[in-house]
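Good morning, and thank you for coming. Please take a moment with the sequence and the structure before I turn to the packing of helices and sheets.

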Amino acid sequence: MKERKLLLTHYKQKEAAFLMENNRLMHIWLSNSTKYNIGDIYVGRIKNMIKGMEAAFVELAPGQVGFLPFSSFNPKTVLNRSDAKEFKNGDEILVQVSKEPLKTKEMTLTTDVSFSGSYLVLIPFSHGIHYSKKFTKDEKLVMRQMISDAIVQLFGDMDVFLKHYGLIVRTNAFSAPEGAVAEELHDLFHKAGSVVSVADKRRVFSCLYEEDSFYKRIVKNHFRRENTEIVTDDANVYKLLCTQTERLPELSDTIRFYNDAQITMYALYGLEEKIKEALSKKVWLSCGGYLIIEPTEALTVIDVNSGKTGKSQNKLSSEEFHHRVNCSAAPEIMRQIRLRNLSGIIIVDVLKTGTENSEKLLSMLKKEALKDSVETVVVGMTALGLVEITRKKTEASLYEKIKSEKEQENET
């Protein structure tokens, strides 16, 4: 039996995916409630420059705007002027959705357009090849040679390719079937070419590229062929994924359609209860301690408590006892961050220990952070013993998405 299960189903009105590892829920993904998906590419028009914020509001359709930071300025994406050195009001520009709308904020856009596959990310108007930080030294050497061979095979010359494109090699490229990485590079190149070649000829508000559907995107980003089974109770999703087996043959023996009339997939895997747990303020630890998780407007606070473990401290010193609880809390803290899709600034109030044990705890947290597909940084520990963590925000948290779903239900 495979240890990872990717469950594709629905949660109320939203498309949903659940990642289980050894029967523990590790991730929940819910689809957006808007028609704009992360990865979509448009010809937009700058409506309003905000010099003080070093940003602009860009229209993607009449009345629909996105927020574009100037830090992503790329002169090659200005379509109505060939000599652009900065943005101007009224400019027609090539933009990509990089973050979905969050609370009262508009969606975030970028001119650093890219095309993502299961193994690679191709970036037009860029340069250089970057490799996943999760590669070991030996894996990186192997991937360098594989990518070099694929580029020379497809383009004839590495320098010609790097003049026009940048490339990110994702972690699971190392375990890809033979030839799959080169094939994906070829596909991404044609996708990029079909957008870049027509961008300056298309009308403003045109959508030049739509990212894969929710389920295809989840499989592309989170399927691991060596140990993942995909299960869905939606016949249409099952048919959709079966059509992908020509491009990704490793999917063929991992997709299963669940149609047991006696018990629903939700009941079999206890998904309803697991969602409640993922929204709960209190999370019990295996050692008997617990976490209190409090999201606020500015940041998220996680408090580590000894709980029932105090009764079984026995002969442990206070230092050893606190360190034991902190070590039990570390992997659960990082799991909860991923599961709830917490982001921005996260402050963890751990139990107080000495310098040596504090360093050990930080090392554990940093190791756990590497399991996250979203950029997560364990910054350090303050003089007051608070651990500072930052996590990149691209989507609303699980709580925000479910709250939004409930608000929509109340409106109807």
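Let me begin with a helix pair: α1 (residues 137-155) and α3 (residues 180-196) pack at an angle of about 50°, and their axes lie 9 Å apart. The model is a predicted one, in which local features need pLDDT of at least 70 and side-chain atom pairs count only at pLDDT 80 or more, while totals for chains, interfaces and linings use all residues. Residues are numbered from 1 along each chain as its sequence is written, and side-chain values use heavy atoms, leaving out hydrogens and water.

Helices (H or I, at least four residues) and strands (E, at least two) are DSSP runs, numbered from the N terminus. Axes are lines fitted to C-alpha atoms, for helices over the stretch in contact, and angles run from 0 to 180 degrees between N-to-C directions.

α1 and α3 are therefore oblique to each other; under 35 degrees counts as roughly parallel, over 145 as roughly antiparallel, 65 to 115 as roughly perpendicular, and the rest as oblique. Which residues meet? From α1 come M146, I147, A150, I151, L154 and F155, and from α3 come V181, A182, L185, H186 and F189, where contact means heavy atoms within 4.5 Å. The residues of this contact divide into 10 nonpolar, 1 polar and no charged. Here Ala, Val, Leu, Ile, Met, Phe, Trp, Tyr, Cys and Pro count as nonpolar, Asp, Glu, Lys and Arg as charged, and the others, Gly among them, as polar.

I turn now to the sheets. An open sheet of 5 strands has the order β3-β2-β1-β14-β15, with mixed pairing; two strands pair if DSSP finds at least two bridges between them. At its edges stand β3 (24-30) and β15 (255-257), each pairing on one side only. Strand β2 (residues 14-21) runs antiparallel to β3, joined by 6 bridges; M20 has L25 in β3 as its bridge partner. Helix α4 (residues 214-222) lies across β1 (4-11), β2, β3 and β14 (228-232), at about 165° to β1.

The other open sheet has 6 strands in the order β16-β17-β18-β19-β21-β20, and its pairing is also mixed. β16 (282-284) and β20 (376-381) each have a single partner strand, so one side of each is left without a neighbour in the sheet. Strands β18 (residues 300-305) and β19 (residues 344-349) run parallel, joined by 4 bridges. Helix α9 (residues 355-369) packs on this sheet, touching β20 and β21, and its direction makes about 175° with that of β20.
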